[in-house]
Amino acid sequence: MENRLAELRHEAGMTLKELGGRVGLSDAALSQYETGRRSPNLGVWKKLADFFDVSLSYILKESDVRHIYSLKSEEELFHDLQTKKVNIKDLSESEITVLGIWIVSHENLFKDGQKFASSAKLAHMIVQYARQIIFERTTFPPDDDADGEEIEKAIREYNGIGPNPKQILEFIEKGKKHSAEEIQAFLDRF
């Protein structure tokens, strides 16, 4: 199966062994995936696409668009999910997270009688998935009892003032390198 795995790995400046260590796969298996001699299941492709922050369609060479999100506003992307023009499995974790943050900050669109009221269940599923991604990517010291309420409150209060969804994602990535106190100091600024 033709794919972009080798291309993405080279872009990241990684060896097969380094990539294998990061995603929990052997370098031999990755080599066979890159050359098309073996094809993993869809779950492994999704894991690799998420690692490189690209859509599943991109890593599988079904599309030349790295991120579906880059072509659309969050509202357009949600509409395309609602009408099944886009499948959620084709979105990267970053795209799902940004969409989840947008849904939370625009919850009025999902209330009875509003534009997306009929898709409130889909919106809820996306928000739950985004929340799971955020907490899997964010590591807190074991003695920290933070449950994310501060993050959720910040997202709910977002009205075009303060961090936008992309800044929140950047914060999450940077949060892996900082202590709980530094993270709290950052949140206190907003």
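**View 1. Ser57 in helix H5.** Ser57 sits in helix H5, which spans residues 56-59; helices here are DSSP runs of H or I with at least four residues, numbered from the N terminus. This is a predicted model, in which local features need pLDDT of at least 70 and side-chain atom pairs count only at pLDDT 80 or more, while totals for chains, interfaces and linings use all residues. Residues are numbered from 1 along each chain as its sequence is written, and side-chain values use heavy atoms, with hydrogens and water left out. With a relative accessible area of 11%, Ser57 is buried (under 20% relative accessible area is buried, over 50% exposed and in between partly exposed, with a 1.4 Å probe and protein chains only). Leaving aside residues up to four places away in sequence, Ser57 touches Glu62, Ser63 and Asp90; contact means heavy atoms within 4.5 Å.

**View 2. Helix H2 against helix H3.** The axes of H2 (residues 16-23) and H3 (residues 27-35) come within 8 Å and cross at roughly 110 degrees. Those axes are lines fitted to C-alpha atoms over the stretch in contact, with angles from 0 to 180 degrees between N-to-C directions. H2 is therefore roughly perpendicular to H3 (under 35 degrees is roughly parallel, over 145 roughly antiparallel, 65 to 115 roughly perpendicular and the rest oblique). Look for Leu16, Lys17, Leu19 and Gly20 on H2, which meet Asp27, Leu30, Ser31 and Glu34 on H3.

**View 3. The buried face of helix H6.** In H6 (residues 74-82), the buried residues are Glu74, Leu77, Phe78, Asp80 and Leu81. Viewed down the axis of H6, they fall within an arc of 160 degrees, so they line one face of the helix; the arc is that of the directions from the helix axis to the C-beta atoms. After H6 comes Lys84, with a positive phi near 65 degrees.

**View 4. Aromatic pairs.** The count comes to 7 aromatic pairs, where rings of Phe, Tyr and Trp (its six-membered ring) pair if their centres lie within 6.5 Å, and planes under 30 degrees apart are stacked, over 60 edge-to-face and the rest tilted. Phe51 and Phe52 pair edge-to-face, at 5.0 Å centre to centre and 85 degrees between the planes. Phe51 is partly exposed at 27% relative accessible area, whereas Phe52 is buried at 12%. Phe110 and Phe116 are stacked, at 5.6 Å centre to centre with 25 degrees between the planes, and both are buried. Ring pairs also link Phe78, Trp102, Phe110 and Phe116 into a cluster.

Terms used. Helix = DSSP H or I, 4+ residues; strand = E, 2+ residues; numbered from the N terminus.
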